[in-house]
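Please keep the sequence and the 3D view at hand while reading.

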Amino acid sequence: MINLKKWFYERTGIEVILDFLKKKQVPDHKYTFWYYPGSILLFLIVIQIVTGCLLLLYYKPTMETAYESVSFITKYLPFGSFLRSLHAWCSNLIIAIAFIHMFSTFFLKSYRPPRELIWISGTFLMFILLTFGFSGYLLPWNELSLFATSVGTQIAGSMPIIGKYLLLFLRGGEYISGDTLTRFSALHVIILPLVLLALVAIHVSLIQHHGMSVPPSVESSPAKKKDIPFYPDFLLYDLINCLFVFSGLVILALFLPKELGIKADLLAPAPAGIKPEWYFLFMFETLKLIPSKILSFEGKQLGVIIFALGAVFLICIPFLDRWSAKNKRSPLFTLIGFGILIYIFAMTAISYLGK
């Protein structure tokens, strides 16, 4: 009689992975809760890939058929409305959890040496997730997505030097057309997933190599340091959190299904009060409040430059925060983090209240 377990282990080498998981230790302290958003994010990305592949079986990325194919999925495909709503809500939750994960990592100073590349790869992952949200927004080819994409690509076109070329690249021409939809579809379902998977692999492998960081207060006090087994202790908490998040997603998809709206018409005027998704509102509102001219600069162009410099600043934080590199408190960068967080909340609130 063949021992199936032994046969499977010998041919797959999975026993090595199981042994690694059993020996792996995870830091345990009062901030341990902030380790969980990373694994929740990974779980949500898997859901997004699975639901996206299922939707792709019926979606047709052309100007004539995109809206109709999404309408078929929503109205006639068994569980189609639930599947589409699950995908849409999951995309929003992914970005929300990514923001939480990024700021928790920032405030815990987890970018300290030798983990600089973990922070940098995570920051690029955040940018890719935001690009996913932007590219996927156009795919249903409805009125709201058309004009929101028009505004978004105009903002990208405001960048100095490369703006004109970036606008032409994104739209496939001077104006939004079927070529734009085809490009956004290719970006969303082929290019971005490949980049995302590569970055996730790099990010996770770096974490495995360096281990999970602990806050400076724990690092400087050996008495506070203790570990718990990843398997089964930490993994069990991970699974419970993922189950809780998935339950919330299912509830949202069932009771707050995503509406399809009106089909896009390139000749129709833009509806009043058009706005991007919530995660771009702070940028959108900032660009609205900036005067059209500041000295000799175009206001919108200056705003785009500031946001681009802000992105560079985020990437370079591990090299700028020299206090945390020495396991010391860095109140300046903590204040900067709180300032950015308050600004994002304030601009988003102003945009919602200004409806």
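The text below covers ring pairs, a ring cluster and charges over rings in a predicted model.

**Ring pairs**

A pair of aromatic rings is described by the distance of the centres and the angle of the planes. Searching the whole structure gives 21 aromatic pairs. In one of them, the planes of Y36 and F234 are at 15°, with the ring centres 4.8 Å apart, so this pair is stacked. Stacked means here that the planes are under 30 degrees apart. Because Y36 belongs to helix α3 (residues 36-56) and F234 to helix α11 (residues 230-255), the pair ties together parts that are 198 residues apart in sequence. Y36 and F234 are both buried.

Another stacked pair is formed by F313 and F333. The two pairs are listed here.

| Pair | Centre to centre | Angle between planes |
|---|---|---|
| Y36 and F234 | 4.8 Å | 15° |
| F313 and F333 | 6.3 Å | 5° |

F313 is in helix α13 (residues 299-320) and F333 is in helix α15 (residues 331-353), so their contact ties together parts that are 20 residues apart in sequence. F313 has 24% relative accessibility and therefore counts as partly exposed. F333, with a relative accessible area of 5%, is buried.

Which residues form one aromatic cluster? They are F99, F134, F184, W278, Y279 and F280.

Lysines also meet rings. K24 has its charged end over the ring of F230, 5.9 Å from the ring's centre. K109 lies over the face of F106, and the distance to the ring centre is 5.2 Å.

Technical notes
Residues numbered from 1 in each chain as written. Predicted model: local features only at pLDDT ≥ 70, side-chain atom pairs only at ≥ 80, totals over all residues. Heavy atoms only, no water. Phe/Tyr/Trp six-rings, centres within 6.5 Å; stacked < 30°, edge-to-face > 60°. Helix = DSSP H or I, 4+ residues; strand = E, 2+ residues; numbered from the N terminus. Buried < 20%, exposed > 50% of the residue type's maximum accessible area, 1.4 Å probe, protein only. Lys NZ or Arg CZ within 6 Å of the ring centre and 35° of its normal.
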